[in-house]
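Topics are grouped for use alongside the sequence and coordinates.

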Amino acid sequence: MTMQWGRVAPRDGVRRLLAMTVVAFALYGCKGAGTQEAPPAAPPEEAVVTTPGPSTDVQRYEDEFGNPLNPTTGMPLERVFYFEYDRAVLTPESLVALEAHAAHLRGSPEKRVMVEGHCDERGTREYNLALGERRGDAARTFLVSSGVSRSQIEVVSYGEERPVDPGHSESAWAQNRRAELIYR
Amino acid sequence: MKSPLAGALALCVLVCLGVPAEAQIAIQIDRGRDDAKKIAVVPFGRGVNVPSSDEIAGIVSFDLARSGQFAPIARENMLSLPTRGQEVFFRDWKILGSEYLVIGSAQMMPSGNVEVTYELFDVLAERVMARERYTAPPSGIRDIAHLISDSIYEKITGIRGAFSTKLLYVLARNLGTKNVEFRLEMADADGARARTLVESKEPILSASWSPSGKHAVYVSFERGKPAIFMQEIASGTRTMLTDFPGLNSAPAFSPDGRRLVLVLSKDGNPEIYLMDVATRALTRMTRHHAIDTEPSFTPDGQSLVFTSDRGGKPQIYRMNIANGLTERLTFEGDYNARARMLPDGKHLVFVHRQNGVFHIALQDLTRDRVLVLTETALDESPSVAPNGTMLIYATQDRGRGILAAVSIDGSVKYRLPSSAGDVREPAWSPYLNTAAGTVSGSSR
């Protein structure tokens with residue numbers, strides 16, 4: 001099984017770059033030598049906790065929107081997971097990315113996350129509401145099986161009602177078949 | 001092929017009525033029957049002070065043309081313009097090949113109401129088929145025109161007319177990035193008099209009518225998740241019916257209006273429930289780990305038809321409400337969903353995927369024959385007119401969401417695009433008593 005991060009949604013690119021820039025600047029301070037196109041290769045000056053556990057300093061693991069960061073790289077965790085047409089099965093890559101979310105949620109039992117399920121426009125609206133819920137449920141089931149308390153997770157399906165791409169092409173549809181983790 | 005005269009007249013009607021700014025749905029007739037009956041609807045005489053904004057003959061002509069079964073004679077071809085029986089020369093109409101003739105007039109009454117009389121003639125037999133009189137306030141002239149259409153249609157075809165019906169639909173207006181405005185709207189079946197019932201920044205879907213036509217039920221995301229609402233149309237009064245965790249969706253009334261069938265996933269996955277409207281008591285109908293959704297009542301009220309993927313892919317099933325016995329109805333194709341039964345209880349219309357394309361199909365349940373009715377793609381939400389002759393559905397045209405109508409035999413087609421945005425989720429009303437409330441008709 002290949003271990004790969006989930007595919008990056010284009011609109012996350014800017015936010016990711018910003019987060020990396022902020023982290024790089026914070027870590028290197030006035031040295032100003034931090035690279036902006038790759039995660040820092042050297043360990044940061046503060047000590048890094050390598051095993052997940054209850055965190056006394058939650059800010060280190062979240063950006064300003066409340067989205068969890070990878071403790072090692074400082075990059076925001078991927079929050080959007082894609083599905084094949086008519087399917088509600090998470091890819092192996094998605095499961096790897098979700099495990100990082102599970103770790104974050106286990107470590108912060110007071111944190112809540114909403115999982116939104118979505119479909120592309122094909123098919124009937126109400127069946128797609130149900131299919132979207134199935135996709136959200138798939139993510140929830142995995143998180144719970146990884147030790148996250150069910151009470152921390154809420155699933156809401158939008159069916160085909162909230163596409164990220166309103167187009168009518170295969171690529172638009174692929175972008176819309178998704179589950180999104182939303183941290184408040 | 002559609003009669004060019006019908007098309008030309010339809011276009012003339014739209015232009016003559018000025019395509020009012022607020023009538024956002026403008027019907028385009030694509031196809032009528034080859035054997036459409038020629039009918040001449042002569043401009044009605046108009047007495048002093050009768051408002052000219054709603055032109056009765058034009059409305060009647062458009063109604064009849066839209067059914068696909070009539071080809072109205074173009075006004076410019078008429079050799080005479082009688083408004084009373086004694087002015088009729090049947091020769092003028094035989095020359096044009098017209099089988100039927102409609103004449104009439106509208107007069108103001110001292111009460112302030114408008115009185116409309118009309119006569120329907122069989123041209124070949126040279127005899128009167130009907131003579132009726134209607135009264136209404138001036139705001140009800142359109143309603144009178146539709147009642148006249150209903151009457152003419154029924155007298156000639158033997159089928160009750162559905163021209164006095166209305167449509168519910170959802171309008172989605174894209175106002176900018178991630179900024180969509182959703183509106184539940186109601187309009188006449190010819191697209192006129194559109195008005196907004198609910199407006200929201202969050203999605204609205206699954207609108208349907210109560211059997212009395214007084215209420216609409218629908219799903220709204222205004223609380224951040226899908227919830228079922230019921231709204232009294234005249235007053236706008238809203239009630240939230242269900243707001244359980246998970247799905248609250250797909251509401252539909254029973255034929256007697258006492259119950260709703262709906263879908264909740266609060267017990268773990270989408271299941272079908274009945275709700276008593278008065279007591280709000282719920283009865284669970286399905287117990288299966290598959291998706292069970294899109295339920296509707298059969299016309300006799302005894303069974304539900306619904307979509308289930310318990311066989312692996314969405315198919316249509318029917319369940320007897322009393323004993324729970326469930327049988328699968330659709331066996332052609334790998335995706336059949338959102339079924340509605342015709343008033344005759346013997347035919348089903350539903351969304352049917354064929355070669356990856358979503359069409360509306362008709363299945364004869366007594367003979368297990370499936371007929372694809374539409375040539376459009378990405379079709380959804382079929383809703384049947386109360387007389388069972390036409391259905392309306394949602395589809396796409398050049399990237400825009402539009403409504404479209406097709407006759408049950410597929411021979412008549414028209415489209416209802418909106419200039420205001422994407423339209424979807426249509427629901428055809430039941431037969432309605434007149435919207436104006438005080439229209440009365442009599443034959444003599």
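Strands, as named here, are DSSP runs of E with at least two residues, numbered from the N terminus. The model is predicted.

**Confidence in chain A**

- The average pLDDT of chain A is 79, and 67% of its residues score at least 70.
- Residues 1-14 of chain A have pLDDT below 50, and this stretch makes 19 contacts in the model beyond near neighbours in sequence.
- Residues 55-59 of chain A also stay under 50, with two contacts beyond four places in sequence.
- Where pLDDT is low, predicted coordinates should not be read in detail.

**Four-stranded sheet of chain B**

- Four strands of chain B form an open sheet in the order β23-β24-β25-β26, with antiparallel pairing.
- At the edges lie β23 (336-341) and β26 (369-372) of chain B, each of which pairs on one side only.
- From one strand to the next, the twist averages 30°.
- Within chain B, the antiparallel strands β24 (residues 347-354) and β25 (residues 357-364) are joined by eight bridges.
- Gln354(B) stands opposite Val357(B) in β25(B).

**Largest pocket**

- Its lining comprises 50 residues, with Glu161(A), Arg162(A), Pro163(A), Pro166(A) and Val180(B) nearest the centre.
- Elements giving two or more residues to this lining include β2 (113-118) of chain A and β8 (166-176) of chain B.
- The greatest contribution to the lining of the largest pocket comes from β4(A), with four residues.
- By class, the lining of the largest pocket has 14 nonpolar, 15 polar and 21 charged residues.

**Second largest pocket**

- Of its 39 lining residues, Trp209(B), Phe253(B), Arg340(B), Val384(B) and Trp428(B) are closest to the centre.
- β27(B) gives the most to the lining of the second largest pocket, with five residues.
- This lining divides into 22 nonpolar, 10 polar and seven charged residues.

**Cavities**

- Eight cavities of 30 Å³ or more are counted.
- The largest cavity has a volume of about 140 Å³.
- It is lined by 14 residues, and those closest to its centre are Ser67(B), Phe163(B), Thr389(B), Met390(B) and Trp428(B).
- The lining of the largest cavity consists of eight nonpolar, four polar and two charged residues.

Terms used. Residues numbered from 1 in each chain as written. Chains lettered and ligands numbered in written order. Predicted model: local features only at pLDDT ≥ 70, side-chain atom pairs only at ≥ 80, totals over all residues. Heavy atoms only, no water. pLDDT = per-residue confidence, 0-100. Contact = heavy atoms within 4.5 Å. Pairing = 2+ DSSP bridges. Axes fitted to C-alpha atoms, helices over the stretch in contact; angles between N-to-C directions. 1 Å grid on protein atoms, 1.4 Å probe; cavity = no way out; pocket = protein on both sides within 12 Å on 5 of 7 lines; lining within 4 Å. Points joined across faces, edges and corners; volume = space filled by probe spheres on them. Nonpolar A, V, L, I, M, F, W, Y, C, P; charged D, E, K, R; others polar.
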